[in-house]
Amino acid sequence: MLEVHDLNVDFSGKIAVRNTGLTVRSGESFGLVGESGSGKSTILRTVMGLNGSWSGTIKVDGLDIRKTPRKQLARVVQMVFQDPYSSLHPRYVIGQQVAEPMRINGLPNPERRTAELLELVGLGGLKFQFRFPHELSGGQRQRVAIARALALSPKLLLLDEPTSALDVSIQAEILNLLNRLRKELGLTFVIVSHDLAVISYMCERLMVMRNAQPVETLTRDQLRAGEIANDYTRTLIAAA
Amino acid sequence: MSTTEIAADPRHAVRAARWAEFKLFARRFMRNPLGVAGLVIVLLLLFAAAFAPWLATHDPYLPNLTSRLAAPSAEYWFGADELGRDIYSRLIYGSRLTLLIVALVIVTSAPVGLIIGAVSGTVGGWVDAVFMRITDIFLAVPKLLLALAFVAALGPGIVNAALAITLTAWPPYARLARAEALVVRNSDYVNAARLAGASEFRIIVFHVIPMCLSSVIVRMTFDMAGIILTAAGLGFIGLGAQPPLPEWGAMISTGRKFIFDQWWIATIPGAAIFIVSLGFNLLGDALRDLLDPHLRQRK
Amino acid sequence: MSNLVEIENLHVAFRNDEGGYNDAVRGVSLTLGREKLGIVGESGSGKSLTGRSLLGVLPPYARVSVDRMSFDGIDLKAASPRLRRSLRGGRMGMILQDPKFSLNPVMTVGKQIVEAIRIGDRKVGHREARARAIAVLESVHIRDPESVFNLYPHELSGGMGQRVMIGMMVVREPDLLIADEPTSALDVTVRTQVLSILDELVARRGMGLIFISHDLNLVSKFCDRVIVMYAGRIVETIEASRLSEAQHPYTRGLLSCLPHINGSLEPLPVLNRQASWAEA
């Protein structure tokens with residue numbers, strides 16, 4: 001579903017990602033763990049085309065992202081951002097925001113599908129559709145952002161720290177929602193987090209990153225059984 | 001309103017939501033007494049302009065030499081000028097000219113500045129460089145001087161005066177809009193629109209410009225006071241509205257000759273300019289408190 | 001027994017859009033000895049406001065009322081703004097979540113610490129202040145303090161900035177330190193260091209620490225006593241070591257909704273908020 005080879009990203013001289021490769025199978029949930037500045041979010045943003053200069057190859061569902069028009073890619077892969085307070089436009093009601101991707105891509109019946117999507121993320125009924133983001137709590141906003149990301153029925157969802165701006169009780173609700181959606185819609189996830197517990201709960205495989213480079217790739221079973229080769233990973237587990 | 005109605009007409013529901021937002025905004029605005037005072041002044045100006053024929057007691061253009069330079073009285077509330085015209089009536093009709101100039105300048109300068117700034121900030125690169133250098137050039141020209149040169153070239157008159165002011169009024173809007181756009185273009189909600197395949201045009205029109213609007217509106221309100229003053233200044237030196245038009249600046253200019261003996265001729269229009277400018281400033285201040293993203297706290 | 005801090009029936013309210021007041025803190029009473037007290041709660045629970053009202057740094061539009069608030073025998077309710085300011089500069093300190101907002105961006109780190117020292121004690125000479133500043137940087141585990149001394153805040157990483165911030169606070173040797181989410185912006189490995197610095201300070205200088213956080217696990221590991229706040233009220237106060245025996249359903253809910261590295265993969269239990277929690 002997602003193949004990244006020899007990825008190098010730098011921001012005007014500062015290397016953000018170095019020689020990184022990863023493969024995510026269809027239907028899998030893959031975690032990227034690391035501390036701030038380790039390059040994990042940069043990988044997601046590069047896959048989504050939000051970073052200008054990078055080298056290497058990235059293929060999403062077999063499509064080379066350099067050669068595929070953005071609108072075509074948009075229907076395969078979408079992203080949910082970290083901060084639900086800044087990822088929704090403050091001047092539009094949430095119904096409009098969820099419908100926006102469908103309007104851009106000329107999909108039929110955006111109103112009805114918007115209602116369905118909001119229902120799917122637990123914001124059903126007409127109560128929420130015509131609210132502005134500032135009237136919603138953080139958790140509700142993140143649900144809206146998830147609904148918007150699902151508007152074009154992508155197969156792959158990239159989640160950049162989807163719960164780190166939320167309270168722990170809300171985090172549980174959002175994680176449960178994401179797991180349910182993955183099962184119901186057959187999605188593939190790539191989740192970025194600094195929290196190993198979240199990754200261990202959500203992902204079958206994970207890659208630990210440090211200083212712009214991958215440290216090691218583990219399965220959940222290896223993580224839980226303590227079959228860890230790298231000292232840095234052990235430090236992370238101990239501190240969690 | 002029943003829920004089925006909402007379902008039947010989503011556009012209506014969106015409008016209802018916006019109306020509710022506006023009511024909330026209005027309620028917060030009403031808590032600022034100075035802002036309300038400013039709003040009342042501006043509304044009075046609009047009222048005077050709209051109903052000038054009914055409010056005026058005399059013909060503002062008809063000379064009446066028997067009452068030349070008459071002092072304020074029951075007949076002439078604010079006195080009469082050197083041709084015996086009622087100053088009160090001229091003031092009322094003059095509000096139309098003031099509003100005309102303000103409107104002309106605002107509808108030309110604010111959108112131009114907004115679009116240039118939003119495009120410049122969102123697109124970046126050489127577009128930004130070119131647009132901003134042009135803006136810098138206009139900013140570097142002294143305001144009144146450019147207006148003077150412009151009016152001198154095209155001839156005096158209200159429309160030309162408005163055009164001249166516009167030439168120097170748009171660059172601040174462009175600066176303002178660009179600064180907002182620079183922040184907005186990197187925000188996650190704009191990124192989300194990009195990820196959905198939105199074109200740069202769509203992003204500018206639907207995502208960046210709505211976010212620039214509030215600061216532009218605030219700036220606009222403040223600017224109106226400045227425009228009124230500049231227009232009056234041009235009128236005063238004879239390059240704005242031409243006689244016999246009852247433009248306030250021109251009225252002060254004619255009253256200048258009599259200022260020691262018939263003070264009201266210059267003072268009354270001067271006070272009108274002062275009050276109206278103050279009204280726009282108070283209104284602008286109140287709006288800024290409510291709209292400025294830097295002053296507003298994140299909920 | 002003399003308590004360092006005593007607060008009785010604290011209320012903090014903010015104006016709402018209807019012109020009335022919404023209570024954000026509703027009747028909080030607490031005492032603090034020379035110990036590590038954790039205040040835990042979700043956003044909007046009033047935990048930060050409680051800490052800020054103790055320092056007297058609430059925004060001017062907040063309406064505060066309290067029956068009694070004292071610090072080391074000083075009645076803060078009756079204290080003049082001047083006295084409170086001098087307390088803030090000397091005997092009380094605060095560490096915020098993001099050091100970027102609390103450090104002066106146009107002054108080098110070292111100068112700021114030197115200034116803090118000299119405000120506290122005007123008799124300290126320049127050279128001595130400098131030596132003490134460097135010693136402080138060392139004590140918060142900054143490698144190469146000589147060169148960090150000359151850096152500007154934006155040149156520091158998040159963890160370093162936070163440690164400098166702590167250094168600036170402790171250089172005045174306060175009796176009370178209020179740390180508002182001091183580690184939430186930090187990576188786990190740095191967090192451990194910062195916590196150990198704070199721990200050391202409490203142990204060595206006998207300082208009182210109020211540790212405000214949303215992270216119940218962290219607080220229970222680090223603090224002596226934990227106060228759990230919900231909707232502006234204290235719902236439970238408990239010894240940190242006995243947190244697993246917590247009675248209140250909110251505390252229990254907070255504990256159980258966290259995923260664990262070796263936890264079950266079943267859906268996480270979610271919190272069923274009850275209106276009665278806010279009343280009690």
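A: Start with the two chains. This is a predicted model. Chain A brings 23 residues to its contact with chain C, and chain C brings 24 residues. Helix 7 of chain A gives the most, with seven residues. By class, this side of chain A has twelve nonpolar residues. Seven polar and four charged residues make up the rest of that side.

Now turn to chain C itself. Its domain assignment gives two domains. Domain 1 of chain C is written in two segments, 5-91 and 176-279. Domain 2 of chain C covers 101-171. Taken over C-alpha atoms, the centres of domain 1 and domain 2 of chain C are 27 Å apart. The two domains touch: twelve residues of domain 1 of chain C and eleven residues of domain 2 of chain C take part in the contact.

Next, the domain 1 side of that contact. Two elements of chain C give two or more residues to it: helix 2 (81-90) and helix 8 (188-205). Helix 8 of chain C gives the most, with five residues. By class, the side of domain 1 of chain C that touches domain 2 of chain C has eight nonpolar residues, three polar residues and one charged residue.

Methods
Residues are numbered from 1 along each chain as its sequence is written. Chains are lettered from A and ligands numbered from 1 in the order in which they are written. This is a predicted model: local features need pLDDT of at least 70, side-chain atom pairs count only at pLDDT 80 or more; totals for chains, interfaces and linings use all residues. Two residues are in contact if their C-beta atoms, placed from the backbone, lie within 7 Å. Helices (H or I, at least four residues) and strands (E, at least two) are DSSP runs, numbered from the N terminus. Ala, Val, Leu, Ile, Met, Phe, Trp, Tyr, Cys and Pro count as nonpolar, Asp, Glu, Lys and Arg as charged, and the others, Gly among them, as polar. Domain bounds come from an automatic or database domain assignment.
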